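Let's take a friendly walk through a protein model, from its overall layout down to a few side chains. Please keep the viewer open as you read.

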Amino acid sequence: MVAAGDLRERYAFDQQGPIEMPGGVTAPGWTQQHACRAQVIYARGSETVEAARLEGRPIYKLRIRQCAAARGITTDARARDLRRGLEYAVIEVDSITDPAWIYLVIEGGKAA
C-alpha cells in the first residue's frame with residue numbers, strides 16, 4: 001500500500017514543441033504539460049539497467065497518481081526533477097497495470 005507520505009519527490013513532465021517567442025517568432029523547445037509528486041523507486045536487476053549504470057546513466061522507476069494529465073505522458077516526454085534540476089528521458093509508461101497509479105521508467109544521461 002502506498003501512502004501519500006511516500007510521494008516525496010516533485011517532478012514535471014515536458015513535451016517538445018514550438019514555443020512562441022516575442023515578436024511572433026517560434027522556436028523549438030519544451031513546454032511543461034504536468035507537474036506532480038512522485039515516488040522514486042530504484043531500478044535494479046536487468047542487464048539493461050546494469051549496462052546503463054556502467055555507462056554512468058541512472059535508471060529509475062517513478063510512481064505517480066493516475067489522472068487525465070498524467071495519462072497524457074508519453075515516451076516522447078522529458079521528466080524533470082524539480083528539487084535537483086536534473087532531466088531524464090521517459091523510456092516507458094505503464095498506465096494500465098494499476099488503476100490508481102502510473103509507473104514510468106526514466107533514464108538520465110540521454111538526450112531528452
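The paragraphs below go from the whole chain to single residues.

Before we start, note that this is a predicted model, in which local features need a pLDDT of at least 70 and side-chain atom pairs count only at pLDDT 80 or more, while totals for chains, interfaces and linings use all residues. Residues are numbered from 1 along each chain as its sequence is written, and side-chain values use heavy atoms, with hydrogens and water left out.

Let's begin with confidence. pLDDT is the predictor's confidence in each residue, on a scale from 0 to 100. Its average over the chain is 87, and 84% of the residues score at least 70. The lowest confidence in the chain belongs to helix H1 (residues 47-54), with a mean of 65, and the highest to strand E4 (residues 78-81), with 96. Where pLDDT is low, the predicted coordinates should not be read in detail.

Next comes the layout. Helices (H or I, at least four residues) and strands (E, at least two) are DSSP runs, numbered from the N terminus. By that reading the chain has two helices and six strands, and they follow one another along the sequence as β-β-α-β-α-β-β-β. Contact here means heavy atoms within 4.5 Å. Of the contacts between residues at least 6 apart in sequence, 55% join residues at least 24 apart.

How much of the chain is buried? A residue is called buried under 20% relative accessible area, exposed over 50%, and partly exposed in between (1.4 Å probe, protein chains only). Buried residues account for 34% of the 112 residues. As for the surface, accessible areas come from the Shrake-Rupley method with a 1.4 Å probe, and for residues only the protein chains shown count as cover. The chain exposes about 6,900 Å², and carbon and sulfur atoms supply 51% of that area.

Now zoom in on the aromatic rings. Rings of Phe, Tyr and Trp (its six-membered ring) pair if their centres lie within 6.5 Å; planes under 30 degrees apart count as stacked, over 60 as edge-to-face, and the rest as tilted. This rule gives three aromatic pairs. One of them is the tilted pair of Tyr11 and Tyr88, with 6.5 Å from centre to centre and 45 degrees between the planes. Tyr11 sits in strand E1 (residues 9-20) and Tyr88 in strand E5 (residues 86-94), so this pair links distant parts of the chain, 77 residues apart. Both Tyr11 and Tyr88 are buried. Tyr88 also pairs with Tyr60: the ring centres are 6.1 Å apart and the planes stand at 85 degrees, which makes the pair edge-to-face. Because Tyr60 lies in strand E3 (residues 59-65) and Tyr88 in strand E5, the pair ties together parts that are 28 residues apart in sequence. Tyr88 counts as buried because its relative accessibility is 6%, whereas Tyr60, at 22%, is partly exposed. Together, ring pairs join Tyr11, Tyr42, Tyr60 and Tyr88 into a cluster.

A ring can also meet a charge. A charge sits over a ring if NZ of Lys or CZ of Arg is within 6 Å of the ring centre and within 35 degrees of the ring normal. Arg63 has its charged end over the ring of Trp101, 6.0 Å from the centre of that ring.

Leaving aside neighbours within four places in sequence, Gln39 is in contact with Val2, Asp6, Leu7, Lys61, Leu62 and Arg63. Gln39 is buried, with a relative accessible area of 17%.

What about the cysteines? A disulfide is a pair of cysteine sulfur atoms within 2.5 Å, and the whole structure has zero of them. The sulfur of Cys36 is 7.1 Å from the closest cysteine sulfur, in Cys67, and that is too far for a bond. Cys36 is buried at a relative accessible area of 11%, while Cys67 is partly exposed at 27%.

We finish in strand E5, with Ile91. Ile91 is partly exposed at 36% relative accessible area, and its C-alpha atom lies 5.4 Å from that of Val105, 14 residues away along the chain.
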